[in-house]
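This report walks through selected features of one protein chain.

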Amino acid sequence: MLDIQLLRNDLEGVASRLAARPFDLDGAAFQALEQERKLVQTRTQELQSTRNSLAKRIGQAKGKGEDVTAMMGEAAAANAELQSLEAKLLQIQSKLQDFLLVIPNLPHESVPPGRSAEDNSEVRRVGAPRQFDFQVKDHVDLGEALGMLDFATATKISGSRFSLMTGALARMHRALSQFMLDVHTSEHGYTEVYVPYMVNAASMRGTGQLPKFEEDLFAVQRGEEGKFYLIPTAEVPVTNIVRDEIVPLELLPLKFVCHTPCFRSEAGSYGKDTRGMIRQHQFDKVELVQIIHPERSYEGLEQLTGHAETILQRLGLPYRVVVLCAGDMGFSSAKTYDIEVWLPGQNAYREISSCSNFEAFQARRMQARFRNEKGKPELAHTLNGSALAVGRTLVAILENYQNSDGSVSVPAALQPYMGGMERIARSA
């Protein structure tokens, strides 16, 4: 959530920066609410002063034995109006809060302009795509030929956009999660956490999924208690660890890593990536989250992105890093790097991780603070990134490590997690 003082002090400047996303800020609506707020607050302060003055005069008059009936009537009228105005002020403040909750974050000054993915800027490429001397297959054909990837049965069990893995492929999926967790905890300094897979609405609001993106979520009704939401990413429960907390300065940065399933309705994505495992309702991710000092958050973003890249480097998968343009960034992000892995079956780079700095946007919604160098509470900055999306990493391994006989070689980094297995082949 943006600082309301930014809008009060420089409404045109904020509107101009948001237009780059693009987002049309309704400045007239904000000014109308602000004008109403100011009028009500001014009248409230006048009445409070009047009430205090009357209370003093009534006390003095009673001490002298004078008739206070008229003054008591004035005080009662002032109190009644004050009570009405205080209720009205709460309503206006609630409207202002709702107004702020649907405004996206301001792009950082280093974010390139642009409206879509075509305007993203490539930062670097690592690794060269393998040159095959046979006709490459995509992960669907490879997995089904191995007898270990079954979309038909998954559709029978649940519906479209689900997958069923068996045997060595299921083991590799598990191995990838373990490998990523081990690297991030033992080498990158993250603390592993296990979190609930269902969260309340306050947690979803805290990281920016609510109220704007409710249609993208799966919800479970809890009767009169409201809803649980299945997490779309571990970012939600992990970042909310610090909601309504004040973290001691010496503990920053907090660095968490978490493996969870993720659940997304994929509203609005019908017809896109319907083949295979690229875009599913249920998938696994290993997520990195940092709660960091504002002065070091952009240094932290570069570091976190590098941690995600390490996994691809260890697996020997070619990839590139792009910085997203203003129009392609997520709602809460101030700056995002996407890491895109090379998929031979699609002859294209596809996103496997997004690493973002949200600055104080999420922290303000969550009231996630730290005690600064002067001992005063200050909003922290939050970062997160996939390191990595497990299913898409599996897809990349299948396609990049495929052999002409339909088998798939196991990357050396995963072999210890696969009982020394060097190759996945169809059982006779």
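## Salt bridges and their surroundings

Arg43 counts as partly exposed because its relative accessibility is 31%. The model is a predicted one. Arg43 forms a salt bridge with Glu81, and the closest N and O atoms are 3.0 Å apart. This pair links distant parts of the chain: Arg43 sits in helix H3 (residues 27-63) and Glu81 in helix H4 (residues 69-101), 38 residues apart. Glu81 has 30% relative accessibility, so Glu81 counts as partly exposed too.

How many salt bridges does a search of the whole structure find? The search finds 16. Side chains of opposite charge can pair when their charged atoms come close. Three of these pairs are set out below.

| Salt bridge | Closest N and O atoms |
|---|---|
| Arg43 with Glu81 | 3.0 Å |
| Glu309 with Arg124 | 2.5 Å |
| Arg320 with Glu340 | 2.6 Å |

Take the pair of Glu309 and Arg124, with closest N and O atoms 2.5 Å apart. Is Glu309 buried or exposed? Glu309 counts as buried, because its relative accessibility is 5% and the cut-off for buried is under 20%. Arg124 has a relative accessible area of 29%, so Arg124 is partly exposed.

Arg320 and Glu340 also form a salt bridge, with closest N and O atoms 2.6 Å apart. Arg320 lies in strand E11 (residues 319-323) and Glu340 in strand E12 (residues 335-343), so parts 20 residues apart in sequence are tied together. Glu340 is buried, because its relative accessible area is 11%. The pair belongs to a network: salt bridges that share partners join Glu122, Arg125, Arg320 and Glu340.

## Helices

Helix H10 covers residues 297-315. Buried residues of H10 include Ser297, Gly300, Leu301, Leu304, Thr305, His307 and Ala308. Further along H10, Glu309, Thr310, Ile311, Leu312 and Leu315 are buried as well. An α-helix has 3.6 residues a turn, so residues three or four places apart point the same way. Just after H10, Gly316 takes a positive phi of about 70 degrees.

Back in helix H3, consider Leu39. Leu39 counts as exposed, because its relative accessibility is 54%. Leu39 and Leu89 are 50 residues apart in sequence, yet their C-alpha atoms are 9.7 Å apart in space.

## Strands

Strands of a sheet pair through backbone hydrogen bonds, either parallel or antiparallel. Strand E16 (residues 381-389) is largely enclosed by the rest of the structure, because 9 of its 9 residues are buried. E16 pairs with E10 in the antiparallel sense over 7 bridges. Within that pairing, Lys285 has Ala389 of E16 as its bridge partner. Strand E13 (residues 348-357) pairs with E16 in the antiparallel sense as well, over 3 bridges. Asn357 stands opposite Leu383 in E16.

An open sheet of 3 strands has the order E5-E7-E6, with antiparallel pairing. Which are its edge strands? They are E5 (198-199) and E6 (219-221), and each pairs on one side only. E5 pairs with strand E7 (residues 227-230) over 2 bridges, in the antiparallel sense. Met198 has Leu230 in E7 as its bridge partner.

## The second largest pocket

This pocket has a volume of about 320 Å³. Its lining holds 15 residues, and Ser163, Leu164, Met165, Gln280 and Gln282 lie nearest the centre. Elements giving two or more residues to the lining are helix H6 (151-157), strand E3 (164-165), helix H7 (167-186) and strand E10 (282-292). E10 gives the most, with 3 residues.

Terms used. Residues are numbered from 1 along each chain as its sequence is written. This is a predicted model: local features need pLDDT of at least 70, side-chain atom pairs count only at pLDDT 80 or more; totals for chains, interfaces and linings use all residues. Side-chain values use heavy atoms; hydrogens and water are left out. Two strands pair if DSSP finds at least two bridges between them. Helices (H or I, at least four residues) and strands (E, at least two) are DSSP runs, numbered from the N terminus. On a 1 Å grid over the protein atoms alone, a cavity is a set of points where a 1.4 Å probe fits but cannot get out, and a pocket is an open set with protein on both sides within 12 Å along at least five of seven lines; lining residues have an atom within 4 Å of a point. Grid points are joined across faces, edges and corners, and a volume is the space filled by probe spheres set on the points. The expected span of a helix is 1.5 Å times one less than its number of residues. Buried means under 20% relative accessible area, exposed over 50%, partly exposed in between (1.4 Å probe, protein chains only). A salt bridge is a side-chain nitrogen of Lys or Arg within 4 Å of a carboxyl oxygen of Asp or Glu.
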